[in-house]
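This report looks at charged pairs, the surroundings of the ligand and aromatic pairs. Please keep the sequence and the structure in view while reading.

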Amino acid sequence: MKRKNGFKNKDILSADQFSRQDLIFLFQKAKLMKKIVRAGKNSKMLQGKIMTALFYEPSSRTFGSFISAMQRLGGGIIPLQGMTYSSVAKGETLEDTIRTFECYSDIIVLRHPEVGSAKKAALASTVPIINAGDGVGEHPTQALLDLFTILGKFKKIDGLKIAFVGDLLNGRTVHSLSKLLAKMGKVEFFFVSPKILRMPEDLKDQLKNRVLITQVEKLDEVIKKVNVLYVTRIQKERFSNLSVYEKIKNFYIVNKKLMEQARKDLILMHPLPRVGEINPDVDNDSRAVYLTEQMSNGLHVRMALLASVLGKIK
Ligand code: NCD
């Protein structure tokens with residue numbers, strides 16, 4: 001069945017905005033992109049298009065994969081990272097910065113510390129804005145690649161038991177991914193976090209109509225049951241009191257011993273960076289996908305997304 005490109009000229013702000021049809025369309029295209037990359041093809045799909053990557057917060061994978069995605073498809077880039085060297089350091093507003101780069105480029109990928117900043121930028125912009133993380137809000141493109149990774153492994157979503165582990169209060173990747181999964185099928189969630197870092201109440205309210213949710217503090221209460229273990233970093237930069245962070249930072253450590261208790265068909269995911277919550281002794285476990293599929297899928301999904309939003313894919 002031929003599906004329509006529902007992404008053309010759209011801002012990508014939240015996991016809430018995607019329909020199932022959108023996701024199926026995008027993932028079909030991501031598979032094509034994987035072929036382009038694997039074949040070492042010199043694609044000209046986005047020739048003549050320019051992407052600004054406007055990153056007000058640190059990033060390696062999101063920044064690097066968006067840049068790579070654009071260039072793999074023959075497009076140009078304006079990479080801005082570490083805003084100390086731009087006019088932001090002189091006190092320029094987000095709106096003015098956006099209005100500048102809409103003149104220079106066809107699409108703007110924005111990472112910013114404030115919740116709602118991507119929406120604010122979209123209101124000021126005539127070119128599409130992609131939210132690459134708005135503070136503790138959302139990270140919709142990470143959710144897309146995470147969902148693509150889960151589907152790649154299990155081929156379906158129905159019946160999956162998924163544990164989200166770590167800083168569920170501040171972790172924007174889990175906010176977006178939990179929304180997407182709940183939309184895609186009948187799943188069961190286990191929210192594993194210290195009490196002070198539980199999933200935001202309003203998000204839980206939104207999810208609980210569709211999904212069975214169990215909230216626990218200890219990983220060993222769920223490790224045997226789940227199909228997906230999605231581990232996150234305790235988000236140090238979101239703590240106003242660093243002594244609280246210091247007390248809690250090693251709350252979870254996934255290691256070889258713990259993995260012995262997990263299912264054979266489990267996948268172990270992490271958006272990265274990790275800062276101790278997954279021990280490197282697990283990296284070679286065939287169930288660990290954070291340094292392999294999850295990472296490379298980020299490139300393929302972002303290639304598909306850029307080409308779709310820029311209307312170069314049907
Ligand atoms: C995440 C982020 O920035 O939200 N990283 C990423 O984009 N892959 C996760 C994190 O920083 O902990």
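This is a predicted model: local features need pLDDT of at least 70, side-chain atom pairs count only at pLDDT 80 or more; totals for chains, interfaces and linings use all residues.

Elsewhere, salt bridges with shared partners join Asp16, Glu138 and Lys179 into one network.

## Further salt bridges

The structure holds 14 salt bridges, among them the one between Arg172 and Glu57, in which the closest N and O atoms lie 2.9 Å apart. This pair links distant parts of the chain, since Arg172 belongs to helix α6 (residues 172–184), whereas Glu57 sits in the loop between β1 (50–55) and α2 (61–72), and the two are 115 residues apart. Both Arg172 and Glu57 are buried.

Another salt bridge joins Glu237 to Arg233, with 2.9 Å between the closest N and O atoms. Here the two partners fall into separate classes of accessibility: Glu237, at 45% relative accessibility, counts as partly exposed, while Arg233, with a relative accessible area of 16%, is under the 20% cut-off and is therefore buried. Arg233 is found in the loop between β8 (228–231) and α8 (242–248), and its side chain also makes a polar contact with the side chain of Glu237 at 2.9 Å.

## Surroundings of the ligand

Which residues surround the ligand? They are Thr62, Arg111, His139, Gln142, Arg172, Thr173, Arg233, Gln235, Pro271, Leu272 and Pro273. Sorted by class, this shell has three nonpolar, five polar and three charged residues.

An N or O atom in the side chain of His139 is 2.8 Å from an oxygen atom of the ligand, and a polar side-chain atom of Gln235 lies 2.8 Å from a ligand oxygen atom. At Pro271 the backbone is involved, with one of its polar atoms 2.9 Å from a nitrogen atom of the ligand. On its own the ligand has 320 Å² of accessible area, and the protein covers 93% of that area.

## Aromatic pairs

A pair of aromatic rings is described by the distance of the centres and the angle of the planes. The structure holds 11 aromatic pairs. For one of them, the rings of Phe239 and Tyr245 have centres 5.6 Å apart and planes at 65°, and because an angle over 60 degrees counts as edge-to-face, this pair is assigned to that class. Are Phe239 and Tyr245 buried or exposed? Both Phe239 and Tyr245 are buried.

Ring pairs also link Phe164, Phe189, Phe191 and Tyr230 into a cluster.

Terms used
Residues are numbered from 1 along each chain as its sequence is written. Side-chain values use heavy atoms; hydrogens and water are left out. A residue is near a molecule or strand if one of its heavy atoms lies within 4 Å of it. A polar contact is a pair of N or O atoms within 3.5 Å; within protein, one must be able to donate a hydrogen and the other to accept it, and residues adjacent in sequence count only if both atoms are side-chain atoms. Accessible areas come from the Shrake-Rupley method with a 1.4 Å probe; for residues, only the protein chains shown count as cover. Ala, Val, Leu, Ile, Met, Phe, Trp, Tyr, Cys and Pro count as nonpolar, Asp, Glu, Lys and Arg as charged, and the others, Gly among them, as polar. Rings of Phe, Tyr and Trp (its six-membered ring) pair if their centres lie within 6.5 Å; planes under 30 degrees apart count as stacked, over 60 as edge-to-face and the rest as tilted. Buried means under 20% relative accessible area, exposed over 50%, partly exposed in between (1.4 Å probe, protein chains only). A salt bridge is a side-chain nitrogen of Lys or Arg within 4 Å of a carboxyl oxygen of Asp or Glu. Helices (H or I, at least four residues) and strands (E, at least two) are DSSP runs, numbered from the N terminus.
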